[in-house]
Amino acid sequence: MTTRPRPILDAVNAAYWEAAREHRFVLIRCDACGKYVHPPRPACPRCQSESLVPTEVSGNGTVYSFGVMHRGGNPGFDEKVPFAVVVVELDEEERLLTVGNMPDCPVDDIEIGMRVTVTFEDLDDEITLPQWTRAS
Ligand code: ZN
């Protein structure tokens, strides 16, 4: 039996995953140019600064794009089809994108431009996934 793939925490992404475990949404922000760096990287792709600071963000955004998966069966996953993979543009910055699911929203209700907010799915005691839900 294959187990679900897990993120491997390292010096670059640990702040993101450790905050998620505490149900806080934290991204890395460049201290030199002020832009967010997501997914986490060792240096800012815009100005090459390595002065990156974990920064708690609002967790509010808009569905930028999405796809609906009608087939599961990926090794280690127990997908309930259909399910959506959403790309969310966060309020903090234009084109600051992140990817997740909307597990509590029927796929037919998801629309580009829909307002969403972060929620957290605890996989176990160590890993929590930031996910998305319709903003209230
Ligand atoms: Zn920068």
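Me: How much accessible surface does the protein have, and what share belongs to carbon and sulfur atoms?
Reply: About 8100 Å², with 48% belonging to carbon and sulfur atoms. Areas come from the Shrake-Rupley method with a 1.4 Å probe, and for residues only the protein chains shown count as cover.

Me: Where do the numbers come from?
Reply: This is a predicted model: local features need pLDDT of at least 70, side-chain atom pairs count only at pLDDT 80 or more, and totals for chains, interfaces and linings use all residues. Residues are numbered from 1 along each chain as its sequence is written, and side-chain values use heavy atoms, leaving out hydrogens and water.

Me: What share of the residues is buried?
Reply: 35% of the 136 residues. Buried means under 20% relative accessible area, exposed over 50%, partly exposed in between (1.4 Å probe, protein chains only).

Me: Switching to metal. Which residues are the protein donors of the zinc ion?
Reply: Cys 30, Cys 33, Cys 44 and Cys 47, each through SG, lying 2.3 Å from the zinc ion. Donors are N, O and S atoms within 2.8 Å of the metal (3.2 Å for Na, K and Ca); water is not among the atoms, so sites may look incomplete.

Me: How are they spaced in sequence?
Reply: C-x2-C-x10-C-x2-C.

Me: And what is the geometry of the zinc site?
Reply: Tetrahedral, with angles of 99 to 121° among the four donor atoms. Four donors count as tetrahedral if all angles lie between 85 and 135 degrees. The ideal there is 109.5 degrees.

Me: Cys 30, buried or exposed?
Reply: Cys 30 is buried, at 2% relative accessibility. Cys 33 is partly exposed, at 35%.

Me: Now aromatics. How many pairs?
Reply: Three aromatic pairs. Rings of Phe, Tyr and Trp (its six-membered ring) pair if their centres lie within 6.5 Å; planes under 30 degrees apart count as stacked, over 60 as edge-to-face and the rest as tilted.

Me: Why is the pair of Tyr 16 and Trp 17 edge-to-face?
Reply: Because the planes stand at 90°, with the centres 5.0 Å apart. Tyr 16 also pairs edge-to-face with Phe 25, at 6.2 Å centre to centre and 65° between the planes.

Me: How accessible is Phe 25?
Reply: Phe 25 is buried, with 3% relative accessible area. Tyr 16 is buried at 10%, and Trp 17 is buried at 15%.

Me: Which residues form the aromatic cluster?
Reply: Tyr 16, Trp 17, Phe 25 and Trp 132.

Conventions:
Four donors count as tetrahedral if all angles lie between 85 and 135 degrees; four count as square planar and six as octahedral if opposite donors are over 155 degrees apart and all others between 65 and 115; anything else is irregular.
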